[in-house]
Amino acid sequence: MAFFNKQDAVSGKQGKAFVIIEGRNEELFYAKTIEATIEKNKVDVPVLGKTNTPQRSAGWKGSGTLTIYYVSSVFRQLMRDYIRTGKDFWFDLQIVNEQPGSSAGKQTVILKNCNLDSIIAAKLDATSDDMLDEELPFTFEDYDILDSFNTIQGI
């Protein structure tokens, strides 16, 4: 019987993330969470003689959210430049998951041509003891898997 060993679970706290903007590679040590989703676009394909409406894939879109501590002005400055000049900006996000001691090994994913949907221009919050953070929704055009998790024995 196969089973999962708890030491093979990967902690999100062990990850690393990097942003590559205009050739600069900056570690996102102030990141809290990153989540990227690929959603398939599907179209209806009605078929005579069927009571259901089958669907087929007709493309995809990538979107995500980067939540960071409110300690960097990099994205605000890029958005300000966009507002003033109309020159948009794209960046790549590299996310590394690696848990020491796990048989899973390491996974490295690069989200390519990311583009922010919105930013917080300024923020204060006197109602909470929590540290300030900000959520940066984005889209991406492509992705690559540079390192894949190992196949874990027993599963």
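Predicted model: local features only at pLDDT ≥ 70, side-chain atom pairs only at ≥ 80, totals over all residues.
Modeller: Residues are numbered from 1 along each chain as its sequence is written, and side-chain values use heavy atoms, with hydrogens and water left out.

Biologist: What pattern does the protein chain follow along the sequence?

Modeller: Reading along, you get β-β-β-β-α-β-β-β-β, that is, 1 helix and 8 strands. Helices (H or I, at least four residues) and strands (E, at least two) are DSSP runs, numbered from the N terminus.

Biologist: What makes the protein chain more spread out than a compact globule?

Modeller: Its radius of gyration is 20 Å, well over the 15 Å that the globule rule gives for 155 residues, so the chain is more spread out than a compact globule. That radius is taken over C-alpha atoms, and the rule is 2.2 Å times the number of residues to the power 0.38. Along the principal axes, the C-alpha trace spans about 55 × 50 × 40 Å.

Biologist: Why is Tyr30 called buried?

Modeller: Buried means under 20% relative accessible area, exposed means over 50%, and partly exposed is in between (1.4 Å probe, protein chains only). Tyr30 has 4%, so it counts as buried. Phe29 has 66%, so Phe29 counts as exposed. Over the 155 residues of the protein chain, 26% count as buried.

Biologist: How do you know that Phe29 and Tyr30 form an edge-to-face pair?

Modeller: Rings of Phe, Tyr and Trp (its six-membered ring) pair if their centres lie within 6.5 Å; planes under 30 degrees apart count as stacked, over 60 as edge-to-face and the rest as tilted. The count by this rule is 4 aromatic pairs. For Phe29 and Tyr30 the centres are 5.1 Å apart and the planes are at 85°, which gives edge-to-face.

Biologist: And why is the pair of Phe75 and Phe91 called tilted?

Modeller: The centres are 5.6 Å apart, with 55° between the planes, and that gives a tilted pair. Phe75 lies in helix 1 (residues 74-85) and Phe91 in strand 5 (residues 91-98), so the pair ties together parts that are 16 residues apart in sequence. Both Phe75 and Phe91 are buried.

Biologist: Why is Trp60 called partly exposed?

Modeller: Trp60 comes out at 37% relative accessibility, so it counts as partly exposed. Trp60 sits in strand 4 (residues 55-69), and ring pairs link Trp60, Phe138 and Phe140 into a cluster.

Biologist: What makes Asp133 and Lys32 a salt bridge?

Modeller: A salt bridge is a side-chain nitrogen of Lys or Arg within 4 Å of a carboxyl oxygen of Asp or Glu. Side chains of opposite charge can pair when their charged atoms come close. In Asp133 and Lys32 the closest N and O atoms are 2.9 Å apart, which makes a salt bridge. That pair links distant parts of the chain: Asp133 in strand 7 (residues 133-140) and Lys32 in strand 3 (residues 31-44), 101 residues apart.

Biologist: Which residues are linked with Asp133 in a network of salt bridges?

Modeller: Lys32 and Lys123 are linked with Asp133. The side chains of Lys123 and Asp133 meet at 3.6 Å, N to O.

Biologist: Arg76 forms a salt bridge with Glu134; are Arg76 and Glu134 buried or exposed?

Modeller: Arg76 has 14% relative accessibility, so Arg76 is buried, and Glu134 has 3%, so Glu134 is buried. Their closest N and O atoms are 2.9 Å apart. Arg76 lies in helix 1 and Glu134 in strand 7, so this pair ties together parts that are 58 residues apart in sequence. A search of the whole structure finds 5 salt bridges, including this one.
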